Amino acid sequence: MNTQATRFKFPFFVALSIIAISIWILLRIVLWLEIGLNQLSFVETLQMWGYGAWFDVNALCYLIVPWLLISALLPAKLKNKSWVHKARNIMAFLVTFVLLFGAVSEFIFWQEFTTRFNFIAVDYLVYTHEVIGNIRESYPVPLIFLVIAIVAFLIVWAMRKYITFDTAPLSSKQKLIRLVAAIALPVLSFQLANIDQMSFGKNAYANELAGNGVFSFSAAAHRNELDYDKFYKTIPQEQADIILAKNGLERKPLSAVQTELVKTNLPETGPFKRRPKNVILISVESLSAEYMGIYGNKENLTPYLDKLATESLVFDKLFATGTRTVRGLDALSLGLPPIPGQAIVHRPNNEHLATIGEMLEAQHFSTFFIYGGYGVFDNMNNYFRGNDYKVVDRTDFDKASIQAENIWGIDDESLFNNSIKIFDENVKTNQPFFAHIMTTSNHRPFTFPEGKIDLPQGHREGAVKYTDYAIGKLIENAKTKPWFKDTLFVIVADHCASAAGKTKLPVDKYHIPLIFYAPDILPAGHIGRVASQIDIVPTLLDVLGAKGDEHFFGKSLFEDGLEKTQARAFISNYQELGYYKNNMLIVLSPKQKVEAYKVDPISLDSTPTKVDVSLLNEAIAYYQTASRAYKRGDFKEDKNLN
């Protein structure tokens, strides 16, 4: 029997296209199963597959360009050479391997962020040492590569069994068509397709499933910087300044409009019996409020923090500004709403800003940023060092003082022990201190010293409980120090563990803990008012009696008359900007798009609703003014410390 008769003949680029589309469709099915088939309605399912096909085809418009060019330009006399046949098979294997590797990588990324490749994936390429190390410690990488290679080989073997590559000589017309296609396809795709088309519906899961990782990654790399005025809805700056003044913002307005701003006198001590001399701000990696007993968790993951909360002032409704550590660092140093695009920590010309570190250093505080990982990651060292913090990271710790470490950082207990030594040394200077400690143990691969807690390593729950244990050791150790009675401990998260949800900005996925602990000077209690991560910086300046809280977009949570203003919070991902107030969420998106959601005050679930124009203008006023202020250099120290 002639088996050749059953084989199909395709050009090489068509065969590769079939492989690519098949892999992308299979990945989309796997990701859908990962979140649950019931997350999409029938109509959303049809939309997801329709838009998915659109993005897959547009990704192909770029990927097949080199093969179209080779097909058109390869001399006819070489097409049937044996070495060319071998080269085709090798290239088919390599391309299939790369496509499968991309699919596996995107699956891993999806497990962490429940999105297609985006801004975060682009950022991670800059810090390959930490990211690759994290993957190696979290997954059986050699086995994954072996399986990918075997599957790629089997796909190419099966393809060659049923498909033969068309090697017939091309006419001049055929060559011209392929050359024109190689130029026209990416141009047309660039003109007709864009990443904003992924926002076709209200269900964020359907939108993300419809995407194509190759296409979305390229789009994120292209849209590395998002200029607010170019992409988002705006209002006249004079109107924005009036709105901000009515909302109690004390910053100098950008416009020349005269607003009724009153310079406040030195603030009162609020609930404090006396002012603390020192502040230790602990930003805990990925500590969602939902993991803590005081916020309703029943798994006993944070026994020490739950006990500590009974002796502390607890803020019940604090919300993170973003989904990554760098956004949290922006908020906890600059008190700035999350402006679109790159975090300030990443941006050029981000030194000598009016951060809390700059403010306090100018008022004779010792200021520290102490990080359990490598501070080169996410540009942390440069940013904090350039803003008058003394930076200490894992490279500065004595190896003998480290109990355990992974690629992401040293264990939190060792981090805190080394921090205590720094504070003890600072006592000799007779200077008050402000220290920002950034933990790492509650990050994949979730490893920590053995024998500390009753949960295994390698899982989020164990890492949360270990971090709780380490914070307990820090506090108990600090109680033996002479500086303890004059120190305020502030425990907060940088962001939540996951921001996945049916909406672009699920409010509950931004809910983080905030605990103020200073038993000698601060009575225990709860504050139920909605607050933002950006409010912490002016609050700490207020508490310390330091100057400068009026320079921030956040507001002191102990400010006189605060109850007269309505509470609000800012939440975002890398391009959607959220303004949460009065149980309403306004979402600003690129292309001047606006959405509104009604937020249940208990569950924090969101449902689409009509846009409130007043709230919309408030949202625009904050984000527009913050973006413009940073762009024109108004956050520089020399403009804020005069």
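Here is a chat about a predicted model, its confidence and a few of its helices.

Colleague: What should I know about the model before I start looking?
Modeller: The model is predicted: local features need pLDDT of at least 70, side-chain atom pairs count only at pLDDT 80 or more, and totals for chains, interfaces and linings use all residues. Residues are numbered from 1 along each chain as its sequence is written, and side-chain values use heavy atoms, with hydrogens and water left out.

Colleague: What's the mean pLDDT of the chain?
Modeller: The mean is 90, and 94% of the residues reach 70 or more. pLDDT is the predictor's confidence in each residue, from 0 to 100.

Colleague: Where does pLDDT stay under 50?
Modeller: Over residues 256–265, where the model has 13 contacts beyond four places in sequence. Contact means heavy atoms within 4.5 Å.

Colleague: OK, helices. How do α1 and α4 cross?
Modeller: The axes of α1 (residues 12–35) and α4 come within 10 Å and cross at roughly 20°. The two are therefore roughly parallel; angles under 35 degrees count as that, over 145 as roughly antiparallel, 65 to 115 as roughly perpendicular and the rest as oblique. Angles run from 0 to 180 degrees between N-to-C directions, and axes are lines fitted to C-alpha atoms, for helices over the stretch in contact. Helices here are DSSP runs (H or I, at least four residues), and strands are too (E, at least two), numbered from the N terminus.

Colleague: Which residues make that contact?
Modeller: Among them are Trp 24 and Leu 27 of α1, and Leu 99 and Phe 107 of α4. By class, the contact of α1 with α4 has 18 nonpolar, 2 polar and 3 charged residues. Ala, Val, Leu, Ile, Met, Phe, Trp, Tyr, Cys and Pro count as nonpolar, Asp, Glu, Lys and Arg as charged, and the others, Gly among them, as polar.

Colleague: And how do α4 and α7 cross?
Modeller: The axes of α4 (residues 82–113) and α7 (residues 141–162) come within 9 Å and cross at roughly 130°, so α4 and α7 are oblique to each other. Their contact includes Phe 97 of α4 and Ile 148 of α7, and its residues divide into 16 nonpolar, 2 polar and 1 charged.

Colleague: New topic: is α19 buried or exposed?
Modeller: 9 of the 9 residues of α19 (residues 536–544) are buried, so α19 is largely enclosed by the rest of the structure. Buried means under 20% relative accessible area, exposed over 50%, partly exposed in between (1.4 Å probe, protein chains only). Just after α19, Gly 545 takes a positive phi of about 75°.

Colleague: Last one: where does Glu 311 lie?
Modeller: In the loop between α13 (303–309) and β4 (313–319). Glu 311 counts as partly exposed, at 28% relative accessibility.
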